[in-house]
Amino acid sequence: MNKYNLHNGFKAIVMGGSAGSFQGIVKILSQLPVGFPLPIIMALHRLKHVRHGFVEALSIKSNLRIVEPDDKESIKKGVVYLAPANYHMSIELGNYFSLSTEHMVNNSRPSIDITLDSAGYTYRNKLIGVLLSGANKDGAMGMKRICERGGRTIVQKPEECMIDTMPKAALSLTSIDHVLDIDQIIGFFNELYQHYI
Amino acid sequence: MIQDIDISDLKKITEVVYAQHGYDFRNYAMSSFKRRMLRILEVCGLTVESLLAKLSDQSGFIDTFLDEMTVNVTEMFRDPGFWRLLREEIIPGILLNNRQFKIWHAGCSSGEEVISMKILLHEMGIANDVRIFASDLDQAILEKAKKPCYSLKNMETNEKNYIRFQGKKSLKDYYTEENGKAVINPDLLANVSYQRHDLVLGHGFGTFDLILCRNVMIYFNQALQNEVLKKFHGSLHKYGYLVIGAKESMIWCDYANRFIVVNQEERVFKKIRD
């Protein structure tokens, strides 16, 4: 099984999503096994003043530990990290997070571009970037930066998206390795998992 | 537009700023520092070389640099649950002490948090009993904090936070609209001293009952957070309170065990050992 030409050299998965991405994310997280060999880092647009409930909602159907990291928290494999409400989340060299309250980017905090760009910088060609359904162009530039640094890029198939602005913006800005629906993304992750056992 | 800066160039910038101007950004967290530098290059239309040249020639550019460098995004009553906790538990506790009540807002930026505090104290009927010190590295933003005047768009967020804080009045009672801006009533800022202060190189000043430093140390690396926490420890009365941002941590700091957690959710700590 090597449909997507994967290997065991990847260090992290980073995912962005906005309007219409929640169901897809829940489905992906519900299919990933405990002991998944990489950290999954997610920047999702969310209400800025609602600090609670998102992690709990994502956790209902997932076996993985899902956390909103503190500033300077170390990144561990097999854990799902969610950018906290009203903070940007960056990945630093040395494999830990830093948070910030800088101005909004693309009208968003957390901004997907910031998380994707910093992940691309830190993990280079050892990163898989995934961009899902959403209603603005946040994330497109981040996907471009991942691509430029040799990372692997996936966008959700626009026809499957509730709102396809976000994946379409990425597709028009940069070259994307795989255009997949949610079931295929799950297949991709399962294939990836096989390379680590 | 320049899309990236090498770490070696970032190091050159921090070295020049330190050597020529005495501000130490060498222990700032890398990603946000890099974004600030990219922003300065873009806003000022500079390359790394021309930025270094401008920083070296001792003209007033360092003030522009500091103003762009420091992150000045803040809200009134950010995290309303924290402000309710302050009103209902923390401040009543401090009032039991038999001494002048002093608060330090470390890294006060454009002053929204100071105003929130003054409103809270005013509504508790103790605004005149508390001395507030507000400090920031950035002189330009301090000037703004002294004469607070905010965009009406920002006031929408502030208003929503105030409602969640369950204040006694309407936020509108504390400002007037002039030329499309919200001008905060100057009376509100009595008993506040604004002071330029460098958390990194400066000493602590005074001894306080309550220090607020929320979402400031996130721009520092862990080594610097550790040093700054020592200064806060030295600037607190025994059993005084320190508040950091909702997603900040100090568990890896040397002085962490000199504090106890009062409220983990809102990151309120109490100094229990000298």
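Me: What share of the 197 residues of chain A counts as buried?
Reply: The figure is 49%. This is a predicted model. A residue is buried if 20 or more other C-beta atoms lie within 10 Å of its own, so that is the test those residues pass.

Me: Why is chain A said to agree with a compact globule?
Reply: Set the two values side by side. With 197 residues, a compact globule would have a radius of gyration near 16 Å, and chain A has 15 Å, so the two agree. Along the principal axes, its C-alpha atoms fill a box of roughly 45 × 35 × 30 Å. Six helices and nine strands make up the count for chain A.

Me: How do you know that domain 1 and domain 2 of chain B touch?
Reply: Their C-alpha centres lie 28 Å apart. The contact takes nine residues from domain 1 of chain B and 13 residues from domain 2 of chain B. Helix H4 (residues 61-69) gives the most on the domain 1 side, with three residues.

Me: What kinds of residue form that side of domain 1 of chain B?
Reply: Four are nonpolar, two polar and three charged.

Notes:
Residues are numbered from 1 along each chain as its sequence is written. Chains are lettered from A and ligands numbered from 1 in the order in which they are written. This is a predicted model: local features need pLDDT of at least 70, side-chain atom pairs count only at pLDDT 80 or more; totals for chains, interfaces and linings use all residues. Domain bounds come from an automatic or database domain assignment. Two residues are in contact if their C-beta atoms, placed from the backbone, lie within 7 Å. Helices (H or I, at least four residues) and strands (E, at least two) are DSSP runs, numbered from the N terminus. Ala, Val, Leu, Ile, Met, Phe, Trp, Tyr, Cys and Pro count as nonpolar, Asp, Glu, Lys and Arg as charged, and the others, Gly among them, as polar. The radius of gyration is taken over C-alpha atoms; the globule rule is 2.2 Å times the number of residues to the power 0.38. A residue is buried if 20 or more other C-beta atoms lie within 10 Å of its own, exposed if 12 or fewer, and partly exposed in between; C-beta atoms are placed from the backbone.
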